[in-house]
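Subject: Handover of a structure and the findings from it

Dear colleague,

Please find below the structure that I am handing over to you.

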Amino acid sequence: MKKMFLVASSIVMLSFLVADNTISKKERNYATKLLKDTEKAVFEQVKGLTPAQLTFKPAPDRWSVEECVKHIAASEEMLWQMADGTIKQPANPEKKSEIKFTDEQLVQKIEDRTNKVKTVEKLQPENIPLKSTEEALDSFKKNREKLIDYVKGTNEDLRAHIATMPFGSVDSYQLFLFIAAHSNRHTQQIMEVKADPNFPK
C-alpha cells in the first residue's frame, strides 16, 4: 500500500513539474484568440466576392484578393512546418537573451503594413500550386484549425525552443503569434485592394 502511495505521489509531482514548463493559461488563451480572430477576418473579407473582384489587381505589380489568399494559405503551411521543426529540436533556452521583442511588439511589427517586405520566391502567388480562392481557403482553414488545436492542448515548453528569423530571434510560442499576425497583415492588404476606386462593383 505504501509503495502504491509513493508511486501515485510521484506521478502527481511529475504532472506538476510538466505543468510548470507549459505556457500559461493567459498565454494559451491569447494565442488561441489571436489565431481564431485572424482566421475569421480572412473569411469575412472574401465572403461574397465575385470572380472579377477576386482577381482584380489594383496595378500590375500588386496582388489580387485571390493572390493574397493563396499567399496566406501557403505561408500558413510553411510557417507551421517551421514551428513544428523548432519544437522538435532540443530546447535551447540559453538563447532567450537573443529575443528582442515582447509578444505584443512582435504582433505589431508583423501587422504593420508600412514596413514593406518582399516574400520568398516559393510564396509568390504565381509559384503557389493552389488553383483557386476556394482551394486556398480550404487549405488555410485546415492548417489553422490544426494550429489552434495544438496551442490549446500542447504541454511543450514553447518558450524554451528558440528560432532565428530574418528580423531576429523568437521562441516557438511567438512563432504561433507570428502566424496569426501574418494572416492579418495580408487581410489588411485584401482590404486595401477592395478600397481601390477601380475595384469591381
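Two residues are in contact when they have heavy atoms within 4.5 Å of each other. The model is a predicted one, in which local features need pLDDT of at least 70 and side-chain atom pairs count only at pLDDT 80 or more, while totals for chains, interfaces and linings use all residues. Residues are numbered from 1 along each chain as its sequence is written, and side-chain values use heavy atoms, with hydrogens and water left out.

I begin with the contacts of one residue. Glu-39 is in contact with Phe-140, Lys-141, Arg-144, Glu-145 and Ile-148, when its neighbours within four places in sequence are set aside. Glu-39 belongs to helix H2; helices (H or I, at least four residues) and strands (E, at least two) are DSSP runs, numbered from the N terminus. Glu-39 is buried, because its relative accessible area is 10%. Here buried means under 20% relative accessible area, exposed means over 50%, and partly exposed lies in between (1.4 Å probe, protein chains only).

The chain as a whole

The protein chain has seven helices and two strands. From the N terminus on, these elements follow the order α-α-α-α-α-α-β-β-α. Of the 201 residues in the protein chain, 46% are buried. Among the contacts with a separation of 6 or more, 82% are between residues 24 or more positions apart.

Is Glu-76 buried or exposed? Glu-76 counts as buried, because its relative accessibility is 2%. This residue lies in helix H4. Not counting residues up to four places away in sequence, Glu-76 touches Phe-140, Asn-143, Arg-144, Leu-147 and Ile-179. With Arg-144 there is also a polar contact between the two side chains, at 2.6 Å. A polar contact is a pair of N or O atoms within 3.5 Å; within protein, one must be able to donate a hydrogen and the other to accept it, and residues adjacent in sequence count only if both atoms are side-chain atoms.

Ser-132 is placed in the loop between H5 and helix H6 (133-153). Ser-132 counts as partly exposed because its relative accessibility is 25%. A polar atom of the Ser-132 side chain lies 3.1 Å from the backbone nitrogen of Glu-135. Apart from residues up to four places away in sequence, Ser-132 touches Glu-66 and Lys-70. The C-alpha atoms of Ser-132 and Glu-67 are separated by 9.0 Å, although the two residues are 65 apart along the chain.

Aromatic pairs

Rings of Phe, Tyr and Trp (its six-membered ring) pair if their centres lie within 6.5 Å; planes under 30 degrees apart count as stacked, over 60 as edge-to-face and the rest as tilted. The count by this rule is seven aromatic pairs. The rings of Phe-43 and Phe-140 are stacked, because their centres are 6.0 Å apart and their planes are at 25°. Phe-43 lies in helix H2 (residues 25-46) and Phe-140 in helix H6, so this pair ties together parts 97 residues apart in sequence. Phe-43 is partly exposed at 28% relative accessibility, whereas Phe-140 is buried at 0%.

The pair of Trp-80 and Tyr-150 is edge-to-face, because the ring centres are 5.5 Å apart and the planes are at 65°. Trp-80 in helix H4 and Tyr-150 in helix H6 are 70 residues apart, and the pair links distant parts of the chain. Trp-80 counts as buried, at 10% relative accessibility. Trp-80, Tyr-150 and Phe-176 form one aromatic cluster.

Pockets

On a 1 Å grid over the protein atoms alone, a pocket is an open set of points where a 1.4 Å probe fits, with protein on both sides within 12 Å along at least five of seven lines; lining residues have an atom within 4 Å of a point. A volume is the space filled by probe spheres set on the points, which are joined across faces, edges and corners.

The largest pocket has a volume of about 890 Å³. Its lining consists of 30 residues, and Val-117, Lys-118, Thr-119, Arg-185 and His-186 lie nearest its centre. H7 gives the most to this lining, with seven residues.

The second largest pocket holds about 190 Å³ of space. H4 gives the most to the lining of this second pocket, with five residues.

Yours sincerely
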